[in-house]
Amino acid sequence: MKKIDLYTDGCCLGNPGPGGWCAIVHFGKHEKILRGGEAASTNNRMEMMAVLATLRTLKEPCKIRLHADSRYVLDALKSWIHTWAKNGWRTASKSPVANRELWEELYLLMQPHQWEMIWIKGHSGHPENEFCDQVAKEEAEKFR
């Protein structure tokens, strides 16, 4: 099984507002950078899109070490998403899960992979996180 390190970040100018995301995929000596954005989005949505866009590119099951500064995404992928799926995409308080369509796709696409979630403190000088943060901002600026 291939091992990849995935570094992600997302941002939103205004929250809601123009948003951008970036993902760096490391596989051995190879590196791939993915990026994108939306004219009207939220910070959480952009954090999710960085992971989702990467999963859409994978052709086979991988061991994924996800490095992110979003506790929301890491905690959701680690545990909440499984409960949401069982409860018809409702939270513990019975309200609908925000960004349901993204979570449903993430849930399906994450299944064949093995996951390790690693939290990175944002804006702490971590090279890949700082790079993703800068690119995400550049992507969001395209929609201003």
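**Close-up views of salt bridges and cores**

**View 1. Glu104 counts as partly exposed, at 28% relative accessibility.** The model shown here and in the other views is predicted. Glu104 forms a salt bridge with Arg100, and their closest N and O atoms are 2.5 Å apart. Both residues belong to helix α3, where four residues, about one turn of the helix, separate them. Arg100 is partly exposed too, with a relative accessibility of 39%.

**View 2. Arg56 and Glu105 form a salt bridge between their side chains.** The N to O distance is 2.9 Å. This pair links distant parts of the chain, 49 residues apart: Arg56 is in helix α1 and Glu105 in helix α3. Arg56 is partly exposed at 43%, and Glu105 is partly exposed at 26%.

**View 3. A salt bridge joins the side chains of Asp5 and Arg65.** Here N and O are 2.8 Å apart. Because Asp5 sits in strand β1 and Arg65 in strand β4, the pair ties together parts 60 residues apart in sequence. Asp5 is buried, with a relative accessible area of 19%, whereas Arg65 is partly exposed at 36%.

**View 4. Leu106 of helix α3 is buried, with a relative accessible area of 0%.** Not counting residues up to four places away in sequence, Leu106 touches Met48, Val51, Leu52, Leu55 and Ile81. The C-alpha atoms of Leu106 and Met48 are 8.4 Å apart, although 58 residues separate the two along the chain.

**View 5. The largest nonpolar core has 31 residues.** Leu106 is among those with the most contacts inside this core, as are Leu66, Leu77, Ile81 and Trp103. Helix α1 gives the most to the core, eight residues. A second, separate core of six residues includes Tyr7, Cys22, Cys132 and Val135.

Terms used:
Residues are numbered from 1 along each chain as its sequence is written. This is a predicted model: local features need pLDDT of at least 70, side-chain atom pairs count only at pLDDT 80 or more; totals for chains, interfaces and linings use all residues. Side-chain values use heavy atoms; hydrogens and water are left out. A nonpolar core is a set of buried Ala, Val, Leu, Ile, Met, Phe, Trp, Tyr and Cys residues joined through side-chain atoms within 4.5 Å. Buried means under 20% relative accessible area, exposed over 50%, partly exposed in between (1.4 Å probe, protein chains only). Helices (H or I, at least four residues) and strands (E, at least two) are DSSP runs, numbered from the N terminus. Contact means heavy atoms within 4.5 Å. A salt bridge is a side-chain nitrogen of Lys or Arg within 4 Å of a carboxyl oxygen of Asp or Glu.
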